[in-house]
Amino acid sequence: MTTIAYDAKRLVRNRTGLGNYSRTLVGDLQRTLPSSCRLLLYAPDRGSDDLREQVKEDQRTQYVYPTAAHSSIARALWRSWGIVKDLKRDRVDIYHGLSGELPIGIHAAGIKTVVTIHDLIFLRHPEYYNPIDAAVYRAKFLLTCREADRIIAISECTKRDIMEYGAVDASRIDVVYQSCAGRFSTTLTQDALEDTRRRLNLPARFILNVGTIEERKNIMLAVRALPMIDSQIHLVVVGRRTKYTAKVENEAKRLGVADRLHILSGIGDDDLQAVYRSAETFVYPSRYEGFGIPIIEAIQTGLPVVACTGSCLEEAGGPDCFYVSPDDPPMLAGALRQTLMGAGGRTERIARCQKYVKRFENTSTAQQVAKIYSKL
């Protein structure tokens, strides 16, 4: 039996981003890998029950926790260093770091390693990070590049960054696009849509954005484009608030569109799907991303998309989305007008986008990862 281990910290703790990637991939691998494979999920603690239970234990899948690490510092040290002893104890053959990290000393222990690197924004745009955090992330990245047998990049953009900043040869890197659960492609009843609209007080017509409200995500661009779009059209932003949110709201007041900006935080997946289904178009003006899952979710729900150039968003959305400069509000406004109801070619464009994003749905990603394991 082959034993494959996973870094499950984000799987049991994070509700977005790295957490979604971990849960979706491991869940798909449970169904894809042969029965001769045992899956061990190493987490510093049990995390959140609802997240952990999305990847259920069975005869060949088990969670593993540190037995002697009782403080947060001890658990962090276990994940970065002490875990190697447990991996050897459990006779692990392959260890997969799902969030860009590998434990110190794992290569010397003779355990084969795979690591998924999502982005190197802390190197490409360090201005968005605390200098100490950026330095720690850089040190971990360089260590991981030395320890890893295979590196998975979630986009060609991320692969180029790994080669540039880590001096890694292209032959060690596999591009495997991030899987995206198909839950947003399912339909909702009209009653469910109306219930969400009423409870969240959604406007009749709106442009949607989903993602943490931070400077790198650049939602300010959409706010500055809003005065150039029909006054019936509002902007709904779904995401966690940061200090940047106040700047966005103040700019909306300055431009006289504060009544057309709606910020929602802390909503669940069911409501999020209904918000997607209620929107008219989707905007994602981020300056830099490792991939851009919200674009795929939007397309799955039948929305046209306008995003920004400069990173990997063209890879996520395909050739039939609109892409604009991250510093040009009139250009964004013009593109958004071409995606609103009644715009020429809108239906055909959406259909082509939906065909394009099929490549990111579930098991094809797991099959590619399984092939990487088999090579090791």
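## Helices H6 and H7

In this predicted model, the axes of helix H6 (residues 131-147) and helix H7 (residues 156-166) come within 11 Å and cross at roughly 95°, where axes are lines fitted to C-alpha atoms, for helices over the stretch in contact, and angles run from 0 to 180 degrees between N-to-C directions. H6 is therefore roughly perpendicular to H7, a term that covers 65 to 115 degrees. Helices (H or I, at least four residues) and strands (E, at least two) are DSSP runs, numbered from the N terminus.

Phe141, Leu142 and Cys145 of H6 are in contact with Ile162, Tyr165 and Gly166 of H7, contact meaning heavy atoms within 4.5 Å.

## The parallel sheet

An open sheet is formed by 6 strands in the order E10-E9-E8-E11-E12-E13, with parallel pairing; two strands pair if DSSP finds at least two bridges between them. At the edges stand strand E10 (261-264) and strand E13 (322-324), each of which pairs on one side only. Neighbouring strands of this sheet are turned by 25° against each other on average, direction ignored.

Strand E11 (residues 281-284) pairs with strand E12 (residues 305-308) in the parallel sense over 3 bridges, and Phe282 stands opposite Val305 in E12.

## Helix H11 across the sheet

Helix H11 (residues 269-278) lies across strand E8 (206-210), strand E9 (234-238) and E11, and runs at about 140° to E8.

## Basis of the values

Residues are numbered from 1 along each chain as its sequence is written, and side-chain values use heavy atoms, with hydrogens and water left out. Because the model is predicted, local features need pLDDT of at least 70 and side-chain atom pairs count only at pLDDT 80 or more, whereas totals for chains, interfaces and linings use all residues.

Definitions and conventions. Angles under 35 degrees count as roughly parallel, over 145 as roughly antiparallel, 65 to 115 as roughly perpendicular and the rest as oblique.
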